[in-house]
Amino acid sequence: MTVSDPAALPGFAALRGRHYFTDQEYTREELLGLLDLAAALKALYRRRVRTPFLADRTLAMIFEHPSTRTRISFEAGMTELGGHAQYLRPGEIHLGGHETVADTARVISRLVDAIMARTAYHATLAELVAHATVPVINGLTDDYDHPVQTMTDAFTIYEHLGTVQGLTCAFVGKCADAMGTSVAMTMSRLGSSMVMAAPPEEQMTPEVEALVRANGAQSGASLTLTDDAVTAVKDADVVFTVGWWWMQPEDEKNELRRILRPYQVNEELWAHTKPGAKFMHCLPAIRGEEMTDAILDAPFSIVLDEAENRKHFQKALLLALIGIAELPADPELQPIARALLT
Ligand code: CP
């Protein structure tokens, strides 16, 4: 990565029109290029340079579940790129009800330039991807992965630790969650090793394990599965966790609390980390459950940078997938535009 130097950006024309279903369809070089583009866009944003690359373009945002970060970061990102984002709240459009998912995908594709969808099931997103003729971006599938979040996490790690390769990342707690799956897939693809600490019933699936090991065979990253949180964090550069539940009934929450309590990230566990380790959480956090306030609010917690960076990474992704037609007049924007057109 070259960090924010637009003149050094790789070409992105090969990404134009593609879906972002998972990040496993992207090469390591393509993913690193997107991180470079995010850094360049963030540097322009910091200097308040206007970046209307996507003037008159529209993103449809389909949500089957509520969202704070995903909704606001995509919408603000499209505004900053000169375009518009439509928020389609849960239950607001026909999606597999009065109309098949395939028909919805075909129709929306005639009306907008890209679709971002948060769906309960990965299979619903797969159907959108199969039938849409504009790029579809995965905004979290509850039962599988959250690749815009975890590429954002990689971008945030790069900002704080200077690399996304050769690191050791620990995921502690609910490793079977979409975030556990997604962090392991993304970081192993980029070249960082993963240690996943969970009770057996909350460990990653054999299917995900096979994918992560295949990524590691290409990138040199290792994967360790353990039921011991101390083992996981002691050599970690980054410690991740995720909310232990979302909309489960109380009895299920109580059972999750019982089995996951030894995996709470608290001061006692943090005492086993090495100096300089960072804490990450995609949020929303359930304070006092998967981590204590002292960890979430600590100087080594980078969760707010992680939340802000959603917008910068997603702007890079939107630009690469939607693309631009011509060089803008503003010379400040031309290096990025050349990369998009190359
Ligand atoms: N991290 C994340 O996706 O947050 P939201 O559910 O608020 O979008």
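User: Which domains does the domain assignment of the protein chain give?

Analyst: Domain bounds come from an automatic or database domain assignment, and here that assignment gives domain 1 (6–145 + 309–327) and domain 2 (147–305). Residues are numbered from 1 along each chain as its sequence is written. This is a predicted model, in which local features need pLDDT of at least 70, side-chain atom pairs count only at pLDDT 80 or more, and totals for chains, interfaces and linings use all residues, while side-chain values use heavy atoms, with hydrogens and water left out.

User: How many residues of domain 1 are in contact with domain 2?

Analyst: Contact means heavy atoms within 4.5 Å, and 31 residues of domain 1 are in contact with 30 residues of domain 2. The centres of the two domains, taken over C-alpha atoms, are separated by 25 Å.

User: Which residues are around the ligand?

Analyst: A residue is near a molecule if one of its heavy atoms lies within 4 Å of it; the residues around this ligand are Ser67, Thr68, Arg69, Thr70, Arg118, His146, Gln149, Cys282, Leu283 and Arg310. Domain 1 and domain 2 each supply at least three residues of that shell.

User: What lies 2.7 Å or 2.8 Å from an oxygen atom of the ligand?

Analyst: A polar contact is a pair of N or O atoms within 3.5 Å. A polar side-chain atom of threonine 70 lies 2.7 Å from a ligand oxygen, and an N or O atom in the side chain of histidine 146 is 2.8 Å from an oxygen atom of the ligand.

Note on methods:
Polar contact = N/O pair within 3.5 Å; in protein donor to acceptor, adjacent residues only side chain to side chain.
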